[in-house]
Amino acid sequence: MALDWAEGNEFQQSDLLFALNLRNVSGGAQLADVIIDQLLPGIKKEDLERDLTAMEDKIMIVLDVIDESQEVVRKGQIYDLIHGDYLPNATVVVNAMTSGGCRNIGRSADQHYKLQSKCIGG
């Protein structure tokens, strides 16, 4: 997905893409803290939060392995992001591995949700 975006093949409505691994993220984590920890060490949190808000309609956020971080999907800012209460104009993609080896990809932009399944290797 990130490669498709970077090569100009998909999701070109987004100028920025943040691919985040939620495996070890705690339930109360702030989105800016996760981005700084995983992708942008050294950036000031308040600058990142300001930029996220200013550019939310041009941002795609990919939340990977969400099925391994149940705390995150029950409370906090990432929960609010998924449900459109935080950065409602951003595009949010949620990836989870299912028992059948498929990924469920849920997309939300402007609080419209679409769900599709893609099998790995198929």
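I take contact to mean heavy atoms within 4.5 Å.

**Ground rules**

This is a predicted model, so I note that local features need pLDDT of at least 70 and side-chain atom pairs count only at pLDDT 80 or more, while totals for chains, interfaces and linings use all residues. Numbering runs from 1 along each chain as its sequence is written, and side-chain values use heavy atoms, with hydrogens and water left out.

**Overall layout**

I looked up the secondary structure, taken as DSSP runs numbered from the N terminus (helices are H or I with at least four residues, strands are E with at least two). The protein chain has four helices and five strands, and along the sequence I read α-β-α-α-β-α-β-β-β.

Next I checked accessibility, using the Shrake-Rupley method with a 1.4 Å probe and, for residues, only the protein chains shown as cover. I get about 6,900 Å² of accessible surface for the protein chain, with 49% of that belonging to carbon and sulfur atoms. I call a residue buried under 20% relative accessible area, exposed over 50%, and partly exposed in between (1.4 Å probe, protein chains only). Of the 122 residues in the protein chain, 37% count as buried.

**The core**

Which residues touch the most other members of the largest nonpolar core? For me a nonpolar core is a set of buried Ala, Val, Leu, Ile, Met, Phe, Trp, Tyr and Cys residues joined through side-chain atoms within 4.5 Å. The largest one holds 25 residues, and Leu 31, Leu 52, Ile 61, Leu 63, Leu 81 and Leu 87 touch the most other members. At least two residues each come from strand S1 (16–21), H2, H3, strand S2 (59–64), helix H4 (76–82) and strand S3 (91–97). H2 gives the largest share, five residues.

I then went through H2 and found Leu 31, Ala 32, Val 34, Ile 35 and Ile 36 buried. Their cover includes S1, H3, S2 and H4.

I also picked out Leu 63. Setting aside neighbours within four places in sequence, Leu 63 is in contact with Leu 20, Leu 22, Ile 78, Leu 81, Ile 82, Val 92, Val 93, Val 94 and Asn 95.

**Salt bridges**

My rule is a side-chain nitrogen of Lys or Arg within 4 Å of a carboxyl oxygen of Asp or Glu. How many salt bridges does that give? The count is three.

One of them pairs the side chains of Lys 45 and Asp 33, at 3.2 Å from N to O. Lys 45 sits in helix H3 and Asp 33 in helix H2, so this pair ties together parts twelve residues apart in sequence. I have Lys 45 as partly exposed at 28%, and Asp 33 as partly exposed at 35%.

Arg 50 meets Asp 47 at 3.2 Å, N to O; being three residues apart in helix H3, Arg 50 and Asp 47 are separated by about one helical turn. Arg 50 also bridges to Asp 51, with the closest N and O atoms 3.4 Å apart. Shared partners join Asp 47, Arg 50 and Asp 51 into one network.

**A nonpolar patch outside**

Last, I looked at the surface. A patch takes residues with over 30% relative accessible area and no salt bridge, joining like charges within 9 Å and nonpolar side chains (Val, Leu, Ile, Met, Phe, Trp, Tyr) within 5 Å. Leu 39, Leu 40 and Ile 43 form a nonpolar one, with about 200 Å² accessible together. Leu 40 lies in the loop between helix H2 (31–38) and helix H3 (45–54), and I log Leu 40 as partly exposed at 31% relative accessibility.
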